[in-house]
Amino acid sequence: MRPLRNPVIQAILAWTLAQWMRFCFATIRWTHQNEAVAEKVWADGGGVLCAFWHSRIGLSPACWPLDRAQPAKALISLSPDGQFIAKAVARQGFPAIRGSSSNKDKADRAKGGSQALRDGLRQLKLGGLAITPDGPRGPMREMAEGLPLLARLSKAPVLFIGLSCNPAIRLNSWDRALLPLPFGRGAIVWDLDRYPEGAELADVARAWTDRLTAVEAAADALVGLERV
């Protein structure tokens with residue numbers, strides 16, 4: 001049995017990871033860029049889509065201040081690894097919606113895409129929904145149409161969030177995921193858009209891929225992290 005398929009091991013590792021993340025976030029020296037656009041979204045309340053690339057899941061709780069932002073949930077895949085991530089993120093104050101809307105052609109298969117889409121739209125009537133639009137398996141930094149589809153249907157604004165820290169652990173995963181280390185430098189960069197009226201999903205996905213990559217690259221530059 002793979003370790004992450006064991007619910008006891010999952011729970012222990014998720015608790016350990018959540019505690020580690022809290023410690024790191026508290027000791028990292030954060031730089032925020034273009035935070036005013038996020039502050040306005042938080043002040044307005046209501047639905048908002050929060051997008052960051054899959055490699056930055058381990059940093060994502062740092063970008064959402066629970067004391068002044070609307071409640072948020074995270075859309076996380078149904079895979080065993082996704083279950084582990086869901087538990088760790090939930091311990092940071094972000095309950096999970098399980099499933100994936102990344103490929104609309106497979107939405108009715110085991111990925112749980114149709115249910116995830118319905119649950120995501122329901123959440124967007126109340127608060128934030130965090131999405132990694134290149135997840136759960138990539139390709140890295142290539143946006144599928146799930147995020148634009150949710151934005152078109154919900155009319156919610158989209159926050160593009162670039163997150164970085166240095167030093168960091170870079171995993172040997174398909175997305176070269178980052179895990180924070182304490183007492184380093186961190187950066188969060190925001191950008192904002194809405195679904196353009198009458199636009200095609202594929203066109204929006206391409207444009208938003210560039211927007212999301214740009215804020216991530218800006219965050220990496222602020223902390224001096226090498227791009228991969």
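These legends describe close-up views of a predicted model.

**View 1. Packing of helices H5 and H6.** Helix H5 spans residues 146-154, and helix H6 spans residues 201-223. The two pack at an angle of about 115°. Their axes lie 9 Å apart. Angles of 65 to 115 degrees count as roughly perpendicular, so H5 is roughly perpendicular to H6. The crossing of H5 over H6 is right-handed.

**View 2. Residues at the H5–H6 contact.** From H5, the contact uses Leu147, Pro148, Leu149, Ala151 and Arg152. H6 contributes Leu201, Val204, Ala205 and Trp208. By class, the contact of H5 with H6 holds 8 nonpolar residues, no polar ones and 1 charged.

**View 3. Side chains of strand E2.** Strand E2 covers residues 48-51. In a regular strand, side chains alternate between the two faces of the sheet. Val48 and Cys50 point one way from E2. Leu49 and Ala51 point the other way. Are these residues buried or exposed? All are buried.

**View 4. Pairing of E2 with strand E5.** Strand E5 is made of residues 128-131. E2 and E5 run parallel, joined by 4 bridges. Opposite Val48 stands Gly128 of E5.

**View 5. Pairing of E2 with strand E6.** Strand E6 takes in residues 158-170. E2 pairs with E6 in the parallel sense, over 3 bridges. Which residue of E6 does Ala51 stand opposite? Ala51 faces Phe160 there.

Conventions:
Residues numbered from 1 in each chain as written. Predicted model: local features only at pLDDT ≥ 70, side-chain atom pairs only at ≥ 80, totals over all residues. Heavy atoms only, no water. Axes fitted to C-alpha atoms, helices over the stretch in contact; angles between N-to-C directions. Parallel < 35°, antiparallel > 145°, perpendicular 65-115°, else oblique. Left-handed = near helix turned anticlockwise from the far one by under 90°. Contact = heavy atoms within 4.5 Å. Nonpolar A, V, L, I, M, F, W, Y, C, P; charged D, E, K, R; others polar. Buried < 20%, exposed > 50% of the residue type's maximum accessible area, 1.4 Å probe, protein only. Pairing = 2+ DSSP bridges.
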